[in-house]
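The sequence and the structure are shown first, and the description follows.

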Amino acid sequence: MSVRFDRVSRRFQQRDALRDVSVDIESGEMVFLTGHSGAGKSTFLRLLMLLDRPSSGQIWVDGQSLEKIKRRAIAGYRRNLGVVFQDHQLLFDRSVFDNVALPLQIAGFSIRDTQRRVRAALDKVGLLDRERANPSALSGGEQQRVGIARAVVARPKILIADEPTGNLDPQLSGEIMKLFEAFHRVGVTVVVASHDLALISRLRHRIITLDGGRIASGGGL
Amino acid sequence: MWHHRQSATDSLFRLLAAPLSSFMTCLAMGVALALPAVLLLALSNLSQVVDRFDDPARLSVLLSEDADVETAQRLRDRLAQRDELATVVWIDRDIALATFANDMGLSTLLSQLEINPLPHTLALTPRYELSAAALEVLAADIAREPEVAEVVLDSRWLARFTAMLAVAERVIWLIGGLTGLGAILVLGNIVHLGVEARRAEIVVVKLIGGSPQYARRPFLYTGLWLGVAGGLLSVVMVSAVTLWLDPVLRPLTALYDSDWAFRPLSLVQAAQLMLIGGAIGLVSAWQSSSRHLDQIEPR
């Protein structure tokens, strides 16, 4: 799915979180979104996930204007997205397996398909042997990988990650980026927000830099 | 489908994990259902007594002392021509006395009477359901016949009683409506607490595209379980009340020489109570969870 931001602004009381941002992301492309904290990365992703609406401008996903998506249709829209959250957003009252299975259950998959897909996703992130564990028993890096497995298990059209390597060591960070690249290679649009310039500049993908809510570089194709 | 199964079992286990508070909620629910149920049961039993009077509207025409057999038969034939009357039965004073004496076991005493104190009587049944006012008019009209001493409207008390039962039924439905509303509020509050306790889960579900129906499902099952269990408790309560009243009702009906017996809750009625409980549970869970789930938005 392609993503297009057309002169998007998001204004909070006195501050512009995003100002006149225009970005084109091709279907199947992988891009990095970078900038200092407060530059507007999170606002950009929140608008894309419909957790927030722009003050002005238009966002198009797969040719459809997000403006047209009413409150009741938001859940359906979000099922196209796989999101890796900075703080993982795992549920600690259930096993790793059940956490990863959640998007499939929501989408109405049968229990057999669910088991097959969850195991495949956990295998991909190297946690197949931990499916019965509680997420609280896992390390930070492992929890992040559970979050990635959950984000990709329902084969989303767009994969969004917000600081996925936030507090991981360089080796783990590199492995996680490789995972994202693997999804990009099978045609998923991947948008990764990261301030780890050293890491992302080694990977050969477009880098969109935000500064003070404006595009500093990398906006066009 | 497996989310239904999972929601159903999961919400059941959550309720069983807090047995005391779940039981209290069911108890409140049970009382709310049992109160109107007991009253309605009593009412239906009373109506059943009334229904045993096959022809509730009846007129007894007592002839004057000096009216003889021919007079009585003439009046019977005259009245039989009236459109309003279905049957006109002449009860001979001598036969009436004999029957009375026999029934009461007073044959010896009454056989010593010089004269028969009973007059000839005509028992009238109206052809169709006349209104109370029309019956009064008919009774007054017949009372004007010269041979007639008195017209007794047997059905007047019955009409009053039936009218009172109708009022009582309305009042019971009102009570039922109020206790049902109370039950909905109590259950809604429990569901609200459940939503609050699972806030983190709801946020994640919304973040990854769970529909409102999906988020609501476990809470609907919570309401359904509590409602059905409340209905079951109300069945137990109603049956207990019936059993408790039975020993005092039995000698009372025996006194009236009646084969009438208090009808306890039937299986169908018990099932209806549980169904109503389940429906109340679903309704209150629906309104409460919809309202409170709407207020939870991911940041």
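## Overall form of chain A

Of the 221 residues in chain A, 41% are counted as buried; a residue is buried if 20 or more other C-beta atoms lie within 10 Å of its own, exposed if 12 or fewer do, and partly exposed in between, with C-beta atoms placed from the backbone. The model is a predicted one, in which local features need pLDDT of at least 70 and side-chain atom pairs count only at pLDDT 80 or more, while totals for chains, interfaces and linings use all residues. Residues are numbered from 1 along each chain as its sequence is written, and chains are lettered from A and ligands numbered from 1 in the order in which they are written.

Chain A contains seven helices and 10 strands; these are DSSP runs numbered from the N terminus, helices being H or I of at least four residues and strands E of at least two. Its radius of gyration is 17 Å, close to the 17 Å that the globule rule gives for 221 residues, so chain A is as compact as a globular protein of that length. The radius is taken over C-alpha atoms, and the rule is 2.2 Å times the number of residues to the power 0.38. Along the principal axes, the C-alpha atoms of chain A fill a box of roughly 45 × 40 × 35 Å. Among contacts in chain A with a separation of 6 or more, 70% are between residues 24 or more positions apart; a contact requires C-beta atoms, placed from the backbone, to lie within 7 Å.

## Strand pairing

Strand β1 (residues 3–12) of chain A pairs with strand β2 (residues 15–25) of chain A in the antiparallel sense over seven bridges, where pairing requires that DSSP find at least two bridges between the strands. A hairpin of two residues joins β1(A) to β2(A), and A:Val8 has A:Val21 in β2(A) as its bridge partner.

With strand β3 (residues 30–34) of chain A the sense is parallel, over four bridges, and A:Val31 stands opposite A:Arg206 in β9(A). With strand β10 (residues 214–217) of chain A, β9(A) pairs in the antiparallel sense over three bridges, and A:Thr209 stands opposite A:Ser217 in β10(A). The hairpin of β9(A) and β10(A) has two residues between the strands, and in it A:Gly212 takes a positive phi near 60°.

## Helices

Helix α1 (residues 41–48) of chain A is mostly covered, with six of its eight residues buried. Those buried in α1(A) are A:Lys41, A:Thr43, A:Phe44, A:Leu45, A:Leu47 and A:Leu48. A:Leu50, which follows α1(A), has a positive phi near 60°.

Helix α5 (residues 140–152) and helix α6 (residues 170–185) of chain A pack at an angle of about 5°, with axes 11 Å apart. Axes are lines fitted to C-alpha atoms, for helices over the stretch in contact, and angles run from 0 to 180 degrees between N-to-C directions. A:Gly141, A:Gln144, A:Ile148 and A:Val152 in α5(A) meet A:Leu172, A:Ile176, A:Leu179 and A:Phe183 in α6(A).

Notes. Contact = placed C-beta atoms within 7 Å.
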